[in-house]
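The sequence and the structure come next, and the discussion follows them.

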Amino acid sequence: MTTNWPDILVELPPWTEEVVRRHPGPLDDTAAMGLAIALARAVMERGEGGPFGAVVVDAAGTLVAPGMNRVLGSGQSWAHAEMVALAVAQRRSGTHDLATAPGAPLTLVTSGEPCAMCLGAIPWSGVGRVVAGAREADIVAIGFDEGDKPAKGLEGLSRRGIEVRRDVGRAEAIRLLADYAAAGGLLY
């Protein structure tokens, strides 16, 4: 018996390059957060995903990978913005261990603190830093389920040598979440 198993594929939308071009580098934490939020707003406004965006940048501030929530656009529950950005960075770098990628250490910049799944993936990705906008409480306040995270959450990453910076662009990230909720966006 032969079964044709489907490929697992999450494609970046065709409009991604247009959004990226509007945010030329080098990208410091604030500029990278601006791009992550712009990607989140674009995917949200098109009804292709939740209000979350992420980017991976190298030590010089060069964009390595954009990412946005592709859960609705792909029909795959794992396609969160952080997971997409990390996967694109790994494919572009040719390695599963981003600690060995050109331009390392790399930074994951995300419009909201990572959920349980994304938080679990970060240590194995090889990124050296995580920069987050909205806090978990902000995300939960509009109704998203962030899963069962370890008690230390983001702080637990520092035990593994991963630097964490919070609240970069938080007000704008919260506004994005509020807009999604006001528009009746699907909560999952």
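## Salt bridges

In this predicted model, the count of salt bridges comes to 13. One of them joins aspartate 29 to arginine 129, with the closest N and O atoms 2.8 Å apart. This pair links distant parts of the chain, since aspartate 29 belongs to helix α2 (residues 29-45) and arginine 129 to strand β4, and the two are 100 residues apart. With a relative accessibility of 14%, aspartate 29 counts as buried, and arginine 129, at 18%, counts as buried as well.

Aspartate 29 also meets arginine 165 in a salt bridge between their side chains, again described by an N to O distance of 2.8 Å. Because aspartate 29 lies in helix α2 and arginine 165 in strand β5, this pair ties together parts of the chain that are 136 residues apart in sequence. Arginine 165 has a relative accessibility of 38% and therefore counts as partly exposed. Taken as a group, Asp29, Arg129, Glu163 and Arg165 are linked in a network of salt bridges.

## A pair within helix α2

Another salt bridge is formed by arginine 41 and glutamate 45, whose closest N and O atoms are 3.7 Å apart. These two residues are four residues apart in helix α2, so that about one helical turn separates them. Arginine 41 is partly exposed, with a relative accessible area of 24%, whereas glutamate 45, at 56% relative accessibility, counts as exposed.

## The sheet and its order

What is the order of the strands in the open sheet? The five strands run in the order β2-β1-β3-β4-β5, and their pairing is mixed. The edge strands, each of which pairs on one side only, are β2 (63-68) and β5 (163-165). From one strand to the next, the twist averages 15°.

Helix α8 (residues 170-182) packs on this sheet, where it touches β3 and β4, and its direction makes about 55° with that of β4. Strand β3 (residues 107-112) and strand β4 (residues 129-134) pair in the parallel sense over five bridges. Within this pairing, threonine 107 has arginine 129 of β4 as its bridge partner; arginine 129 is also the residue that forms a salt bridge with aspartate 29.

Strand β1 (residues 53-57) is largely enclosed by the rest of the structure, because five of its five residues are buried. Gly53, Val55 and Val57 point one way from β1, while Ala54 and Val56 point the other way, and all of them are buried.

Toward β2, strand β1 pairs in the antiparallel sense over five bridges, and the bridge partner of valine 55 in β2 is proline 66. The two strands form a hairpin with five residues between them, and in the turn glycine 61 has a positive phi of about 85°. Toward β3, the pairing of β1 is likewise antiparallel, here over four bridges, with threonine 107 of β3 as the bridge partner of valine 57.

Leaving aside neighbours within four places in sequence, the residues in contact with threonine 110 are Met33, Gly53, Ala54, Glu82, Val131, Ala132 and Gly133.

Which residues make the nonpolar surface patch of about 290 Å²? The patch is made by Ile8, Trp78 and Met117. Methionine 117 has its place in helix α5 (residues 116-125), and with a relative accessible area of 31% this residue is partly exposed.

Conventions
Residues numbered from 1 in each chain as written. Predicted model: local features only at pLDDT ≥ 70, side-chain atom pairs only at ≥ 80, totals over all residues. Heavy atoms only, no water. Pairing = 2+ DSSP bridges. Axes fitted to C-alpha atoms, helices over the stretch in contact; angles between N-to-C directions. Contact = heavy atoms within 4.5 Å. Buried < 20%, exposed > 50% of the residue type's maximum accessible area, 1.4 Å probe, protein only. Patch = residues over 30% accessible without salt bridge, like charges linked within 9 Å, V, L, I, M, F, W, Y side chains within 5 Å. Areas by Shrake-Rupley, 256 points an atom, 1.4 Å probe, with all protein chains shown as cover. Salt bridge = Lys/Arg side-chain N within 4 Å of Asp/Glu carboxyl O.
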